[in-house]
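Hello,

I am handing over the structure below. Please load it before you read on; my notes follow it.

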Amino acid sequence: MDLELRHLKTLRAIADAGSLTKAATSLGLAQPALSAQLKRIERALGGTLFERGRHGVRATPLGELVLERARIVLPAVTELQRDAVRFATGARTGTGPAGGRFRLGGTHGPLLGALVDRLAAAHPGAPVTTHTSWSEREIAAGVAEGRLDYALVGTCGSSAPPESERLAWCEIATDPVFVMLATAHPLAAHDHVGLADLADAAWTDVPGDGCFGDCFHAACARAGFTPARVYETDTASCVHLVQVGRAVGLCRATFPDTAGLVTRPLTGTPLLWRHLLGWHPATPAATAAPAVLAHARAAHTAAAERSRSYAAWRASASSITPNRENNDIF
């Protein structure tokens with residue numbers, strides 16, 4: 001693993017908080033996820049960085065060395081990014097947010113591709129580039145630091161988006177989380193599937209650094225079981241694992257119809273996923289944001305209409321209204 005700036009920020013957060021629990025809270029992570037990340041950083045740097053004790057954590061000599069360098073590097077990079085954003089902002093002209101171009105960051109999924117298609121059609125002379133990552137935090141940081149114009153990410157339920165203190169965020173839509181089943185699965189013929197009915201199943205899902213994994217395990221606990229196994233992998237591999245019967249999958253309700261599998265709503269809608277668009281309010285991207293948001297919402301609406309199972313769920317649902325428009329910026 002190569003050391004990245006976000007790793008230095010993580011180490012600084014741990015040192016400032018004095019405990020992994022407090023640092024995890026400030027970073028918006030579960031403590032086990034932060035502990036695992038710290039272990040990976042320590043392996044990359046060749047030694048233990050913090051000593052754990054009853055009263056929290058304390059930097060080792062190696063940790064002090066790394067933190068001393070981080071206190072120099074991080075402010076310098078922040079200043080460089082601010083200067084770059086100011087320079088780019090002063091040089092930007094044209095219909096797009098950056099000299100007629102759109103720089104999009106997003107997690108892997110069809111909504112990003114649909115947004116690219118709509119922007120390319122609406123602005124045929126404007127280059128549209130993308131950066132994809134499993135990390136919502138990485139994408140949001142790219143926008144906050146001026147390397148991207150827009151972040152197209154999702155959050156679990158009502159959890160706050162990353163970089164909420166620096167970026168403006170607006171909701172595109174809220175979807176229920178569905179389950180993917182092989183067409184030969186005994187429950188594939190059902191209109192709804194209860195989590196408890198899948199207590200013995202292996203699961204597959206795409207990775208991420210938000211709280212979705214914790215929320216899924218909590219929902220399973222409420223249903224009376226602990227998932228036996230969860231395969232975190234890319235979308236194509238998730239589909240394959242479902243098609244061959246190795247696992248059942250978790251997906252957004254707008255997941256497109258695919259040969260060999262069906263998508264079904266979970267009884268009681270235990271999990272929700274919010275699609276969000278974020279931008280920096282002090283850059284020209286803010287001017288074009290309403291139009292980009294409208295394109296993103298139109299792309300989501302089209303995806304929802306193409307999904308037979310989602311259309312059936314929306315027709316019968318009464319407790320929540322997914323695909324709602326929310327013009328509040330937060």
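Is Gly106 buried or exposed? Gly106 counts as buried, because its relative accessibility is 0% and the cut-off for buried is under 20%. Bear in mind that this is a predicted model.

More on that glycine. Gly106 belongs to strand β3, which covers residues 102–106. Leaving out residues up to four places away in sequence, Gly106 touches Leu112, His131, Thr132, Ser133, Ile139 and Leu152. Gln37 is another matter: 69 residues separate Gln37 and Gly106 along the chain, and their C-alpha atoms are 22 Å apart.

Next, Glu145. This residue sits in the loop between α6 (136–144) and β5 (150–156). Glu145 has a relative accessibility of 7%, so it counts as buried. Its side chain makes two listed polar contacts, taken in turn here. The side chain of Lys9 is one partner, at 3.1 Å. The side chain of Arg147 is another, at 2.5 Å.

Last, a helix pair. Helix α1 (residues 5–17) packs with helix α2 (residues 20–27) at an angle of about 125°, and their axes are 8 Å apart. That angle makes α1 oblique to α2. The crossing of the two is right-handed. From α1, the residues in contact are Thr10, Ala13, Ile14 and Ala17. They meet Leu20, Lys22, Ala23, Ser26 and Leu27 of α2. By type, the contact has six nonpolar residues, two polar and one charged.

Best regards

Terms used: Residues are numbered from 1 along each chain as its sequence is written. This is a predicted model: local features need pLDDT of at least 70, side-chain atom pairs count only at pLDDT 80 or more; totals for chains, interfaces and linings use all residues. Side-chain values use heavy atoms; hydrogens and water are left out. Axes are lines fitted to C-alpha atoms, for helices over the stretch in contact, and angles run from 0 to 180 degrees between N-to-C directions. Helices (H or I, at least four residues) and strands (E, at least two) are DSSP runs, numbered from the N terminus. Angles under 35 degrees count as roughly parallel, over 145 as roughly antiparallel, 65 to 115 as roughly perpendicular and the rest as oblique. A crossing is left-handed if the near helix is turned anticlockwise from the far one by less than a right angle, and right-handed if clockwise. Contact means heavy atoms within 4.5 Å. Ala, Val, Leu, Ile, Met, Phe, Trp, Tyr, Cys and Pro count as nonpolar, Asp, Glu, Lys and Arg as charged, and the others, Gly among them, as polar. Buried means under 20% relative accessible area, exposed over 50%, partly exposed in between (1.4 Å probe, protein chains only). A polar contact is a pair of N or O atoms within 3.5 Å; within protein, one must be able to donate a hydrogen and the other to accept it, and residues adjacent in sequence count only if both atoms are side-chain atoms.
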